[in-house]
Amino acid sequence: MSIRHIVLWKLAADDADTRALHAEQIEERLLALRDVIDEIEHLEIGRNVVSPQTNWDVALVSQFADADALERYQVHPAHQEVAAFVRSVVAERACVDYPA
């Protein structure tokens, strides 16, 4: 059973320019994982463009063959490196994993 992995982040920076830079950096780093981690079947990033005061700033939509593939992705050293950066610029995170 395929697993869809959705993550939302609220960025920590107070000013819009820094938030935009961090969102761009998150997008670039996560998209680069598509060429590195075989378990990724689909990965896309959305940066919020409406209602920045209330909406989350960045969304990750990804898909994996199964829960084991998702786990291998999450512990992969390249993902761990990106995750460390994301944690350094994020205030809040929400996630849901469901059958696709």
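Helices (H or I, at least four residues) and strands (E, at least two) are taken here as DSSP runs, numbered from the N terminus. Axes are lines fitted to C-alpha atoms, for helices over the stretch in contact, and angles run from 0 to 180 degrees between N-to-C directions. The model is predicted, so local features need pLDDT of at least 70 and side-chain atom pairs pLDDT 80 or more, while totals for chains, interfaces and linings use all residues. Residues are numbered from 1 along each chain as its sequence is written, and side-chain values use heavy atoms, leaving out hydrogens and water.

Helix H1 (residues 16–32) packs on helix H3 (residues 77–89) at an angle of about 165°, the axes lying 10 Å apart. H1 is therefore roughly antiparallel to H3 (an angle over 145 degrees). In this pairing, His-22, Gln-25, Ile-26, Arg-29 and Leu-30 of H1 meet Val-82, Phe-85, Val-86 and Val-89 of H3 (heavy atoms within 4.5 Å). By class, the contact holds six nonpolar, two polar and one charged residues (Ala, Val, Leu, Ile, Met, Phe, Trp, Tyr, Cys and Pro count as nonpolar, Asp, Glu, Lys and Arg as charged, and the others, Gly among them, as polar).

H3 also takes part in the lining of the largest pocket, giving the largest share with six residues. Strand E1 (3–11), helix H2 (67–75) and strand E4 (90–99) each supply at least two residues of this lining. The lining residues of the largest pocket divide into nine nonpolar, four polar and two charged.

Definitions and conventions: Parallel < 35°, antiparallel > 145°, perpendicular 65-115°, else oblique.
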